[in-house]
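Hi everyone, thanks for coming. Let's take a few minutes for a friendly tour of salt bridges.

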Amino acid sequence: DQFEIEGIGHNLPFCSAVMQHPKFMSGDISTAFIPEEYPDGFAGIEPDQNTTNMLAACAGAMYRIAEVRRTRVSGRLDNHTRIVGDEWIIKLLEQSISLNIEADAQGANVTINEKTYRVEGSWLPGQTLAQMNVNGETCILKVNKIHGGFRIRHAGSDLNILIETPRMAELSKHMLKKARQDTSNLLLCPMPGLLVKLDAHEGQHVEIGQNLCTIEAMKMENIFKAERKAIISKIHITEGQTMAVDDVILEFET
């Protein structure tokens, strides 16, 4: 978790998840371990509740540090003193976790459901790698600022954590959420281009890495391959057709 690689794709989260997997730790594995345990590929792991609370405690303590720093910015109006409170609502994994933070010079006591997590560390706003100590245990986090909170990566999990005051959390319940369209069973055109070759047909069973089609764009040919085993249910275009961004090329059976 102390490795920090950005800008390119890599498998560090996957390696971290594998090293913590009970079967891997016990040695009870074979060469079929990956297809057996991750048949649909690796999309991150969901931490257990204790780890979730620990991450919430760290995020709350770190956010409070950032809030305190923001109160000290120069050029503030004298009659608009910003007060950093002790009560916060952490939102992650479809949960809303209430916590209380009592800070001191060395760290903070973060209470969640009557359990207190002692959080200490030298993290400062802007740092992307945080080595925290939670109840005596080292916790390494990759931290990126997002609007209203942090993106935190830890031990194979990748979470967007939002931090709000109780009043903000109350008001946010009235904010309408735009539902995201499920495009997991679609192959979409990522760029304007011309379909020069179609390697698939309806009803075909495709394997991982199998060519699906070739699109010419910017005087280059881009070959699109299957990322998982699937059956093609419908093809929306024909060879020689010009496409725009997000045009549906084909559908897979769900």
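Here is a walk through some of the charged pairs.

A word on ground rules: this is a predicted model, where local features need pLDDT of at least 70, side-chain atom pairs count only at pLDDT 80 or more, and totals for chains, interfaces and linings use all residues. Residues are numbered from 1 along each chain as its sequence is written, and side-chain values use heavy atoms, with hydrogens and water left out.

The structure has 10 salt bridges, meaning a side-chain nitrogen of Lys or Arg within 4 Å of a carboxyl oxygen of Asp or Glu. One of them pairs arginine 153 with glutamate 6, with 2.8 Å between the closest N and O atoms. These two come from distant parts of the chain, 147 residues apart: arginine 153 sits in strand S7 (residues 149–154), and glutamate 6 in the segment before helix H1 (12–20). Helices (H or I, at least four residues) and strands (E, at least two) are DSSP runs, numbered from the N terminus.

How accessible are these partners? Arginine 153 is buried at 13% relative accessible area, while glutamate 6 is partly exposed at 44%. Buried means under 20%, exposed over 50%, and partly exposed in between, using a 1.4 Å probe and protein chains only.

Next, arginine 167 and glutamate 170 meet in a salt bridge at 3.4 Å, N to O. Both lie in helix H5 (residues 166–172), 3 residues apart, so about one helical turn separates them. Glutamate 170 is partly exposed, at 43% relative accessibility.
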